[in-house]
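Me: I would like to go through this model and ask, for each label, what value stands behind it. Please set each value against its definition before you conclude anything.

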Amino acid sequence: MFVLIAFLALLIETGLGYPDRLFRAIGHPVTWIGRLISWMDGRFNRAASPSTRRMAGIAALLTLLAVSIAAGLVLQRLLAGWAGLLLLAVLASSLLAQRSLRIHVESVAAALETGGLDAGRIAVSHIVGRDPQSLDEAGVSRAAIESLAENFSDGVVAPAFWLALAGLPGGIAYKAINTADSMIGHRTPRHLAFGWASARLDDLVNLPASRLCALLICAAAALVPGASPAEAWRAVWRDARYHKSPNAGWPEAAMAGALGLALAGPRSYGGVLVDDVFMGEGGRREADAADIRRALRLYRIADALLIGLAGVCAASVLAL
């Protein structure tokens, strides 16, 4: 049943997304999770000792997981059986971001094409944390493509993977971990100790999905004119391990190699230069809106392959 829920959720979300009217009315599961994390951060992240802060962060993460898993189990039990399957899939679709990711990245390409660099900087600032004013057109384009690759992994493949493996409780728990990492898993004085457990667990739960995501992009490159599956795989094998993130390098390297680009590399966050190696070393550093659209074509094919894979797995399980 779990893999069928994941398959249906992928189909629902890619077609409908999360309606804006619903978001304005009740918010989104990520915003609800975020409020709990923010409350625990303000309530428990106060100790002077780093070791005490780390223990408080572990306790906060365990609380977050307990609430998330309990909510998933209750909903899954209330909607047990075939009658509740479709509603479960609708709820699960809110944990995926296929449609919104595509729309946000497309908006960067459209902004560059119609409004130039300033419009592109504004559009890309909605999807990346780096300093937009430090980016030229190539930097804006690379940032959008990097965000597309990384968020395909942790916004689509990873939640689908955990939905298929552990049902709605698994999907909600994954989203809680990922949200905690994005909010408190930073190497700042305030969160270095408190967010340590969230950052480490996020690395762990994203590990299988990031590898699967890279394989999907490599496979999709064989179906996109002008993309190279061989170079995609070569870049993954050569560069992914050197990325600062143990997971982000896999989809970014695959995307870079497939498109003949050099992604990642040194970037500026909050005025601080973060040194990182290039994914797709030797590829073009100059990129533009056309490259963003090429990356989007690759993403759409890779996403279709993911949906197809989930469908095959669901059919296999039902046939047993």
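Me: Which residues make up the lining of the largest cavity?

Reply: This is a predicted model, in which local features need pLDDT of at least 70 and side-chain atom pairs count only at pLDDT 80 or more, while totals for chains, interfaces and linings use all residues. Residues are numbered from 1 along each chain as its sequence is written, and side-chain values use heavy atoms, with hydrogens and water left out. The lining of the largest cavity consists of I37, M40, D41, G57, A60, L61, L64, A180, I184, F194 and S198, a lining residue being one with an atom within 4 Å of a grid point.

Me: What makes this space a cavity, and how much space lies in it?

Reply: On a 1 Å grid over the protein atoms alone, a cavity is a set of points where a 1.4 Å probe fits but cannot get out, whereas a pocket is an open set with protein on both sides within 12 Å along at least five of seven lines. The count by this rule is 1 cavity of 30 Å³ or more, and about 60 Å³ of space lies in the largest cavity, where volume means the space filled by probe spheres set on grid points that are joined across faces, edges and corners.

Me: Which helix gives the most to this cavity lining, and how do its residues divide by type?

Reply: Helix α4 gives the most to the lining of the largest cavity, with 4 residues, and α3, α4 and α7 each supply at least two; helices here are DSSP runs of H or I with at least four residues, strands are runs of E with at least two, and both are numbered from the N terminus. The lining divides into 8 nonpolar, 2 polar and 1 charged residues, with Ala, Val, Leu, Ile, Met, Phe, Trp, Tyr, Cys and Pro counted as nonpolar, Asp, Glu, Lys and Arg as charged, and the others, Gly among them, as polar.

Me: How does the lining of the second largest pocket divide by type, and which residues are closest to its centre?

Reply: The second largest pocket has a volume of about 520 Å³. Of its 24 lining residues, P29, W32, L91, S94 and L95 are the closest to the centre. By type the lining divides into 19 nonpolar, 4 polar and 1 charged, and α4 gives the most to it, with 5 residues.

Me: How do you know that R300 and E106 meet in a salt bridge?

Reply: The term requires a side-chain nitrogen of Lys or Arg within 4 Å of a carboxyl oxygen of Asp or Glu, and the N to O distance for R300 and E106 is 3.4 Å, so the pair qualifies. The two residues link distant parts of the chain, R300 in helix α11 (residues 289-319) and E106 in helix α6 (residues 98-124), 194 residues apart. In the whole structure, 9 salt bridges are found.

Me: Why does D239 count as buried?

Reply: D239, which lies in helix α9, has 5% relative accessibility and therefore counts as buried. Apart from neighbours within four places in sequence, D239 is in contact (heavy atoms within 4.5 Å) with A253, F278, M279, G280 and E281.

Definitions and conventions: Buried < 20%, exposed > 50% of the residue type's maximum accessible area, 1.4 Å probe, protein only.
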